[in-house]
Amino acid sequence: MNKYLEALKTVEKSCISVAMEFNFGELFEEDEKALSTLQELVDKATPKKPEYLNYGGYKLGNYHCPNCNSIIIIDNRNYKLPKHCGECDQLLDWSDEDD
């Protein structure tokens, strides 16, 4: 488990504890929103594999972001793989491409 997920789980436990004591087990609305935002950040910091862009069986040399589906263009001159999606900042996992 990465440090962001650990921190999220700790804050979540604290919010639930407060909710149990003061709000009949229901999370306060602002706590729900904050936890949702933190979950989004944890998800973006967790590397995801881009999907190879395929058009009718032809491989085009580019990829789709697994989070926002935007096209990730690979610079074939340098073959430099971006660490993050340029649109949504999703961390990308290129481990299969390094082989």
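Predicted model: local features only at pLDDT ≥ 70, side-chain atom pairs only at ≥ 80, totals over all residues.
Residues are numbered from 1 along each chain as its sequence is written, and side-chain values use heavy atoms, with hydrogens and water left out.

I start with the overall layout. The chain has two helices and three strands, and from the N terminus on they run α-α-β-β-β. Helices here are DSSP runs of H or I with at least four residues, strands are runs of E with at least two, and both are numbered from the N terminus. The chain has 99 residues, of which 19% are buried. On that scale, buried is under 20% relative accessible area, exposed is over 50%, and partly exposed is in between, with a 1.4 Å probe and protein chains only. Of the contacts in the chain with a separation of 6 or more, 32% are between residues 24 or more positions apart; a contact means heavy atoms within 4.5 Å.

Next, the helices. Two packed helices are described by the angle between their axes and the distance between the axes. How do H1 and H2 pack? Helix H1, residues 3-22, meets helix H2, residues 29-45, at an angle of about 165 degrees, and their axes are 10 Å apart. The axes are lines fitted to C-alpha atoms, for helices over the stretch in contact, and angles between N-to-C directions run from 0 to 180 degrees. H1 and H2 are therefore roughly antiparallel. The cut-offs are under 35 degrees for roughly parallel, over 145 for roughly antiparallel, 65 to 115 for roughly perpendicular, and oblique for the rest. The crossing of H1 and H2 is left-handed, a term for a near helix turned anticlockwise from the far one by less than a right angle; clockwise would be right-handed. On the H1 side, the contact is made by Tyr-4, Leu-5, Leu-8, Val-11, Glu-12 and Cys-15. H2 contributes Asp-31, Leu-35, Leu-38, Gln-39, Val-42 and Ala-45.

Now the aromatics. Searching the whole structure gives two aromatic pairs. Rings of Phe, Tyr and Trp (its six-membered ring) pair if their centres lie within 6.5 Å; planes under 30 degrees apart are stacked, over 60 edge-to-face, and the rest tilted. Tyr-52 sits in strand E1, residues 51-55, and Tyr-63 in strand E2, residues 58-64, eleven residues apart. Tyr-52 is partly exposed at 35% relative accessibility, whereas Tyr-63 is buried at 6%.

The other pair is Tyr-63 with Trp-94: centres 4.9 Å apart, planes at 90 degrees, so again edge-to-face. Trp-94 lies in the segment after strand E3 (71-72), so its pairing with Tyr-63 of E2 ties together parts 31 residues apart in sequence. Both Tyr-63 and Trp-94 are buried. Tyr-52, Tyr-63 and Trp-94 form one aromatic cluster.

On to the cysteines. How many disulfides does the search of the whole structure find? It finds zero, a disulfide being a pair of cysteine sulfur atoms within 2.5 Å. For Cys-85, the closest cysteine sulfur is in Cys-68, at 3.7 Å, which is too far for a bond. Cys-85 is buried, with a relative accessible area of 4%. Cys-15, one of the H1 residues in the helix contact, is also buried, at 12%.

Last, some single residues. Most residues other than glycine have a negative phi. Asn-69, in the loop between E2 and E3, has a positive phi near 70 degrees and is partly exposed at 47%. Asp-89, in the segment after E3, also has a positive phi near 70 degrees and is partly exposed at 48%.

Lys-80 lies in the segment after E3 and is exposed at 60% relative accessibility. What does Lys-80 contact, leaving aside its neighbours within four places in sequence? The contacts are Ile-74 and Asp-75. Ser-95, in the segment after E3, is partly exposed at 35%.
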